[in-house]
Amino acid sequence: MATPKSVPQSFAEGLRIPRRRKILTNLLRGEYLTDLIDISTYPTIDPFKANLAGKRVLVVGPEAISQAMAMSYARAGASYIAIGAHCDLVPVTAQVKKAAQEAERKPPRVLNVNLEIKSPASIDNAAALIQASFGGIDILVMDSGALEEAKSAAESNLKRWWDSWTSNLRGPYLVARAFLPMMLKGGEKTIIFVASAATQCVHTHQMSAYGTSMLAQLRFAAFLAAEHGDEGLLPFCIHLGDVSTSMSAEMVKNEHDRSMFRPPSPMTIRSKRRA
């Protein structure tokens, strides 16, 4: 089977191309790996239908995705939500409490934690603060990452290339190392790593540091499962598809590449089963 001449620039375009070409393209891009393709929240994961009363959640990351996750946990009724990032979190706190109120849930106790993903001392201090404030953590969400410039390895900047590994692997390792002792004592024992489709394919954007470090993050999650699975630990790696964020904006340099990170067309149905 020949390699397709072009990669779909959007979800909607991907649905229109012939079946054989679409399957190969999706495999190359590492996307659309399930029979059902969703572009919105569906009933199984609808936070309004969940009941997380009494649960303690930590979301690590400064991106809009992290904030949206914290708001979803508030809608699901989580009682304690900590947000760890190295930025101003006051506006996020108001949004999280508003989300709970709109969902007619009891407002959670929200803890803003100054957490620098590259600093072991900062992460250890955050763990101590959350242990003292919440008595532990049930669910840990890791959504902190970094992208280097879209250049080949030969043309790459040494510091920026290695910074991707520091944020995408060393950071999650440091956070897991700091919080695992309290998590293994009881509760949901769930860790969610927000990874990338780059764990499954070689991207065309010349991001060797991002791709390899995210693949290593996936393997790290597998090791955590092997090491602590018999204690009830549930580590997951997920990727969310092409999402427009400030981090992805750093990568794309022209209008053609930027189109990959646009939301699907409003005309696209909520979900569609592959042909």
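Predicted model: local features only at pLDDT ≥ 70, side-chain atom pairs only at ≥ 80, totals over all residues.
1. A word on terms before we start: a residue is buried under 20% relative accessible area, exposed over 50%, and partly exposed in between (1.4 Å probe, protein chains only). By that rule Glu104 is exposed, since its relative accessible area is 75%. Glu104 sits in the loop between α4 and β4, where helices (H or I, at least four residues) and strands (E, at least two) are DSSP runs numbered from the N terminus. Just after α4, Glu104 has a positive phi of about 60°.

2. Residues are numbered from 1 along each chain as its sequence is written, and side-chain values use heavy atoms, with hydrogens and water left out.

3. For the overall picture, the protein chain has nine helices and eight strands. Of its 275 residues, 46% count as buried. Contact here means heavy atoms within 4.5 Å. Among contacts in the protein chain between residues at least 6 apart in sequence, 72% join residues at least 24 apart.

4. Now to the sheet. Six strands make an open sheet in the order β4-β3-β2-β5-β6-β7, with parallel pairing; two strands pair if DSSP finds at least two bridges between them. The edges belong to β4 and β7 (234-238), and each has a single partner strand, so one side of each is left without a neighbour in the sheet. From one strand to the next, the twist averages 15°. Angles run from 0 to 180 degrees between N-to-C directions, and axes are lines fitted to C-alpha atoms, for helices over the stretch in contact.

5. Within this sheet, strand β5 (residues 139-142) and strand β6 (residues 190-194) run parallel and are joined by four bridges. Met142 stands opposite Phe193 in β6. Helix α6 packs on the sheet and touches β2, β5 and β6, its direction making about 180° with that of β5. Helix α7 (residues 208-228) also packs on the sheet, touching β6 and β7, and its direction makes about 170° with that of β6.

6. The pair α3 and α4 is worth a look on your screen. Two packed helices are described by the angle between their axes and the distance between the axes. Helix α3 (residues 64-75) and helix α4 (residues 90-102) pack at about 30°, with axes 7 Å apart. The crossing of α3 past α4 is right-handed; a crossing gets that name if the near helix is turned clockwise from the far one by less than a right angle, and is left-handed if anticlockwise. The contact is made by Gln67, Ala70, Met71, Ala74 and Arg75 of α3 and by Val92, Gln95, Val96, Ala99 and Ala100 of α4.

7. Which residues of α4 are buried? They are Val92, Thr93, Val96, Ala99 and Ala100. Seen down the axis of α4, these fall within an arc of 125°, so they line one face of the helix; the arc is that of the directions from the helix axis to the C-beta atoms. On the other side of α4, Val90, Gln101 and Glu102 are exposed. The cover over the buried residues of α4 includes α3, β3 and β4.

8. Helix α5 (residues 120-134) passes a length check: at 1.5 Å a residue its 15 residues should span 21 Å, and its end C-alpha atoms are 21 Å apart, which agrees. The expected span is 1.5 Å times one less than the number of residues. In α5, Ser122, Ile123, Ala126, Ala127, Ile130, Ser133 and Phe134 are buried. They cover an arc of only 140° around the axis, which puts them on the same side of α5. Asn125 and Ala132, on the other side of α5, are exposed. What covers the buried residues of α5 includes β2 (56-60), β3 (80-85), β4 (109-114) and α6 (158-183).

9. Last, the end of α5. Gln131 belongs to this helix and is partly exposed, with a relative accessible area of 32%. Leaving aside residues up to four places away in sequence, Gln131 touches Gly136 and Met182. Just after α5, Gly135 takes a positive phi of about 80°.
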